Amino acid sequence: MALTVDSSPASASANSFCSRAFADAYHAGRPYSSTSWGGLDDTGKDQRLVAATALLCIHIPWQGAATDPGQPLVFPRTGLTNRNGGAIASNAFPVELQEATAELAFRIGSDDPSLDAARTIRDLGIAQLEVSGAVNLRFWENKTPRSSSIPDEVVAMVRHLAALGRQQTEVATGLTANSSTFSRSLHEPTFDSGNDY
């Protein structure tokens, strides 16, 4: 059975946050993806859009609540605002979510190694790691370690819609480093900034 992309927020069979036409327009204006995305056939594009939507549903905790508990996707949602503080309609997919879906769909299966998001200690939920005699390890409070399936750049596009932890908790261990010092601090951007990442 052929895959059909359904990007209607009100549909009981919705399976994508954006349409193929939206994704085509999104990538047409981006030199790093316009040629590669344009070279995919419709089936390939549709498969990637549906897969990207599934990954966004599974791997990112979202703010607000589902508009209809019986809806097939985690969006539409109530109680959300855009980057400028304006209310997002509870019967629509936010534009930034559609853009993130198109971006992730392009990155799925890409052969370009530069698009493979670098995995950092942030993905483990670690806020700070210092090794200087003893190990000082901090975790973001209430932050679930994020899957490597979602590149940092895609998460940044929808960070203001996501329910990601910001506060830190500290865990100290008695491990001793052998003549080595390592320190790395990660500064988690706040949700109320329009310049996250």
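Predicted model: local features only at pLDDT ≥ 70, side-chain atom pairs only at ≥ 80, totals over all residues.
User: How many helices and strands in the protein chain?
Analyst: Five helices and six strands. Helices (H or I, at least four residues) and strands (E, at least two) are DSSP runs, numbered from the N terminus. The order from the N terminus is α-α-α-β-β-α-β-β-α-β-β.

User: How much of the chain is buried?
Analyst: 42% of its 197 residues. Buried means under 20% relative accessible area, exposed over 50%, partly exposed in between (1.4 Å probe, protein chains only).

User: What share of the contacts comes from residues 24 or more positions apart?
Analyst: 67%, taken over contacts with a separation of 6 or more. Contact means heavy atoms within 4.5 Å.

User: On to α3. What span should it have, and what does it have?
Analyst: Helix α3 covers residues 42-59, which is 18 residues. At 1.5 Å a residue it should span 26 Å, and its end C-alpha atoms are 26 Å apart, so the two agree. The expected span is 1.5 Å times one less than the number of residues.

User: Which α3 residues are buried?
Analyst: Gly44, Lys45, Asp46, Arg48, Leu49, Val50, Ala52, Thr53, Leu56 and Cys57.

User: What do they pack against?
Analyst: Helices α1 (20-28), α2 (34-38), α4 (95-107) and α5 (152-158).

User: Asp46 is on that list. What does it touch?
Analyst: Leu3, Val5 and Arg20, leaving aside neighbours within four places in sequence. Asp46 has a relative accessible area of 5%, so it counts as buried.

User: How do α3 and α4 pack?
Analyst: At an angle of about 115 degrees, with their axes 8 Å apart. Axes are lines fitted to C-alpha atoms, for helices over the stretch in contact, and angles run from 0 to 180 degrees between N-to-C directions.

User: Left-handed or right-handed crossing?
Analyst: Right-handed. A crossing is right-handed if the near helix is turned clockwise from the far one by less than a right angle, and left-handed if anticlockwise.

User: Which residues meet there?
Analyst: From α3, Arg48, Leu49, Ala52, Thr53, Leu55 and Leu56. From α4, Leu97, Ala100, Thr101, Ala102, Leu104, Ala105 and Phe106. By class, that contact has 10 nonpolar, two polar and one charged residues. Ala, Val, Leu, Ile, Met, Phe, Trp, Tyr, Cys and Pro count as nonpolar, Asp, Glu, Lys and Arg as charged, and the others, Gly among them, as polar.

User: And how do α1 and α4 pack?
Analyst: At about 75 degrees, with axes 9 Å apart. They are therefore roughly perpendicular. Angles under 35 degrees count as roughly parallel, over 145 as roughly antiparallel, 65 to 115 as roughly perpendicular and the rest as oblique. Phe22, Ala23, Tyr26 and His27 of α1 meet Val95, Gln98, Glu99, Ala102, Glu103 and Phe106 of α4. The classes are six nonpolar, two polar and two charged.

User: Why call α4 largely enclosed?
Analyst: Because 11 of its 13 residues are buried. The cover includes α1, α2, α3 and α5.

User: What about Glu96, buried or exposed?
Analyst: Buried, because its relative accessibility is 9%. Glu96 sits in α4. It touches Asn82, Arg83, Ile88, Met157, Val158, His160 and Leu161, not counting residues up to four places away in sequence.

User: What about Asn84, buried or exposed?
Analyst: Exposed, because its relative accessibility is 78%. Asn84 is in the loop between β2 (77-78) and α4. Its C-alpha lies 9.9 Å from that of His160, 76 residues away in sequence.

User: Backbone next. Where is the cis peptide bond?
Analyst: Between Phe75 and Pro76, with omega about 5 degrees. Pro76 lies in the loop between β1 (65-66) and β2.

User: What follows α4?
Analyst: Gly109, with a positive phi near 75 degrees. Most residues other than glycine have a negative phi, and most peptide bonds are trans.

Definitions and conventions: Residues numbered from 1 in each chain as written. Heavy atoms only, no water.
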